[in-house]
There are 2 protein chains.
Amino acid sequence: MNKQRLDSILGHLAEQGITQMIITDPYTIFYLTGRYQDPGERLFALYINQNGQNRIFINELFTVPEDLGVEKVWFCDTDDYLHLLGKYTDPTAPLGVDKTMHARFLLPLIDGKCATAFINTSICADEARAVKDAEEIELMRHSSRINDAAMGEIVKLLTTGITEREVAGAVAGIYRKLGGEGFSFDPLVEFGPNCAIGHHTPDDTPLKEGDSIIIDIGCRYHGYCSDMTRSFFYKKILKENDRFVYDTVKQANESAEALIRPGIQLCELDKTARDIITKAGYGKEFTHRLGHFIGIEDHDYGDVSLANTALTRPGNVFSIEPGIYIPNDMGIRIEDLALVTENGAEILNKYPKELTILE
Amino acid sequence: MNKQRLDSILGHLAEQGITQMIITDPYTIFYLTGRYQDPGERLFALYINQNGQNRIFINELFTVPEDLGVEKVWFCDTDDYLHLLGKYTDPTAPLGVDKTMHARFLLPLIDGKCATAFINTSICADEARAVKDAEEIELMRHSSRINDAAMGEIVKLLTTGITEREVAGAVAGIYRKLGGEGFSFDPLVEFGPNCAIGHHTPDDTPLKEGDSIIIDIGCRYHGYCSDMTRSFFYKKILKENDRFVYDTVKQANESAEALIRPGIQLCELDKTARDIITKAGYGKEFTHRLGHFIGIEDHDYGDVSLANTALTRPGNVFSIEPGIYIPNDMGIRIEDLALVTENGAEILNKYPKELTILE
């Protein structure tokens, strides 16, 4: 186990007066042990305790030969493994559990009185994961470098008549060649009016002159996600206003990014971008929050929205992704990942944002 | 809501003495209402009660305009929706919940004393879903018809040097053309020694003369899954024993299928297939259970294994998929879906099983 990360979670638990927690979120187990295991319907659980008596519970069907830095407790499908789990918890203290722990695992622990109370303490892991350490930052930088290079490859595919689905279908191979390890989310490829449909699934729409284009893509690298959006025009700009829309979104993106430093309220970033878009007359066409935290999951806990008054901290990584979507017409979104540094911010995506009319 | 299906679940609950249940499994909600909604991290819940006071709880972010045959209770992210849910439950009776209900939803209901006890009653929905009605059977037949046709298209792609990944990559388009609605699981395409690796992910291995080939594919049709495996040889059979292995698996598949009728123990089917393979000397090389139930999910509750002594019932649909896997050499699996009828069985897959050497 990564001691620094474990101590971070235990520290947050201590602030809540909690001495023990069962972690069932496979991403948090990966965060602590470096081992990702999709448990499917089975139990894969890490028990942590302020007293250092940590254990990981692994079904024999999973192949986990490596040393995880924590004692393994093996069980098989026919074992009474929930009773087993209950033997390790402290029945005289409350027990933290993950928000996504399944009823089938939680109810037997409650019925078995394995703790004095059961409390959703996911936030303790969420808060720890929201502050990336040096190793995580390096992986996130590299994941975004691959993403920048992938965008360059995708742009080369954009020719008259190619469909959204064909472009989206090529992304997996591009990542593979560049060293990416699969998607952090399914690629979004939108042409023309489809750009204005929230999370439109790539279909057989062909690319044609005058279309706006949105490409929103992300890969994984050693478990860490990238996520970037660029928008283009194809062959020509149909209306002068399309240029104004692009410039407005770009200004919103760059103004919010310029503001990032430790100790600023996340809502302040959203407001800065939103004010620019609203002043340009498109407040209602910016239909979502400015961004979301990202790391081992594409959408980690935490967002960049008007509702989030929390302060940024060095090591936070989140997206800045303003957009304007004009129904039945066109849409533009420009998204980067931003890392909060000790003194300011590092924008992890370097792919250019200048208005580009693809030939 | 589908009254017959609701009554089936309520009947199973009544047998346990349970009057009320909160269903959060989106597939069971689909089963009852015809509406599938991926809830992501949000609550999407159906409350059912023997007294008929049913309600469905929907976040305003989900677009559900249609009549679901049950009163809708809308809420938004900032509402205290768990308190809202608690207003509808009967606090004087136990409450059934789904096995996968998340702690974040379950713990507040427990803390709010919304029921006298909280019980995992997923089995009641599982048992109902295990007996398909006429409408479901028609959809499953069609899903498997599409799957049969897809196998025919895939076989045409198998030429020297094509990679597993290229073949797997073509399956989505084939289903689309045939009217399938996406995968019920990611296609498995295995050549030569890869056939002996359990759930090998398609990679850049090229097809070559003498290879055994396993194609294990499934699509969805109106929400219902298909799942079939066929095995082939490419250009020639390297060893006479490969033919024996194929014939053994085929005999195991056909013998088990010939036995299917209402009222037979599921373990009996597994034993029949396993005995044939064991007698042929490959008992250790048949490394998994004979089959699994299938319906709205590729792996529904229930399996065809030595451990399952339950009796078949008309309307059950499960896979029969014996295999022999010889490490570093080759592998064969032959899988059909079987429907238990009033008098016997209907095999939903018609794609031929004769040993085929592809040219």
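**Stop 1: a hairpin in chain B**

Select β15(B) and β16(B): these two strands form a hairpin with three residues between them. In the turn, click on N328(B), which has a positive phi of about 60 degrees. Two strands pair if DSSP finds at least two bridges between them.

Before you go on, note that this is a predicted model: local features need pLDDT of at least 70, side-chain atom pairs count only at pLDDT 80 or more, and totals for chains, interfaces and linings use all residues. Residues are numbered from 1 along each chain as its sequence is written, chains are lettered from A and ligands numbered from 1 in the order in which they are written, and side-chain values use heavy atoms, with hydrogens and water left out.

Strand β15 (residues 323-326) of chain B runs antiparallel to β16(B), and four bridges join them. To see one of the pairings, show G323(B) together with its bridge partner in β16(B), R333(B). Now colour β16(B), residues 330-333, by accessibility: M330(B) and I332(B) on one side are buried, and so are G331(B) and R333(B) on the other. Buried means under 20% relative accessible area, exposed over 50%, and partly exposed in between, with a 1.4 Å probe and protein chains only.

**Stop 2: strand β11(B) and its arginine**

Next, select β11 (residues 228-234) of chain B, where seven of seven residues are buried. In a regular strand the side chains alternate between the two faces of the sheet. Here M228(B), R230(B), F232(B) and Y234(B) point one way, while T229(B), S231(B) and F233(B) point the other.

Which strands flank β11(B) in the pairings listed here? Strand β8 (residues 212-217) of chain B is joined to β11(B) by six bridges and runs antiparallel to it; look for I217(B) opposite M228(B). Strand β19 (residues 357-358) of chain B pairs with β11(B) in the parallel sense over two bridges, with F233(B) opposite I357(B).

Zoom in on R230(B), which counts as buried because its relative accessibility is 1%. A polar atom of the R230(B) side chain lies 3.0 Å from the backbone oxygen of E335(B), and the backbone oxygen of P352(B) lies 3.1 Å from a polar atom of that side chain. These are polar contacts: pairs of N or O atoms within 3.5 Å, where, within protein, one must be able to donate a hydrogen and the other to accept it, and residues adjacent in sequence count only if both atoms are side-chain atoms. Not counting residues up to four places away in sequence, R230(B) also touches others, including M151(B), I214(B), Y351(B) and R333(B); contact means heavy atoms within 4.5 Å.

**Stop 3: a serine in α6(B)**

Move to S143(B) in helix α6 (residues 134-157) of chain B. S143(B) counts as buried because its relative accessibility is 0%. Its side chain reaches the backbone oxygen of Y224(B) at 3.0 Å. Among the residues that S143(B) touches are C219(B), Y221(B) and C225(B).

**Stop 4**

Switch to chain A and select α2 (residues 26-33), where seven of the eight residues are buried. Among them are P26(A), I29(A), F30(A) and L32(A). At the start of α2(A), a side-chain oxygen of D25(A) reaches to within 2.8 Å of the backbone nitrogen of Y27(A). After the helix comes G34(A), with a positive phi near 80 degrees.

A cavity is a set of points on a 1 Å grid over the protein atoms alone where a 1.4 Å probe fits but cannot get out, and lining residues have an atom within 4 Å of a point. How much space lies in the largest cavity? About 40 Å³, a volume being the space filled by probe spheres set on the grid points, which are joined across faces, edges and corners. Helix α5 (residues 122-129) of chain A gives the most to this lining, with four residues.

Key
1 Å grid on protein atoms, 1.4 Å probe; cavity = no way out; pocket = protein on both sides within 12 Å on 5 of 7 lines; lining within 4 Å.
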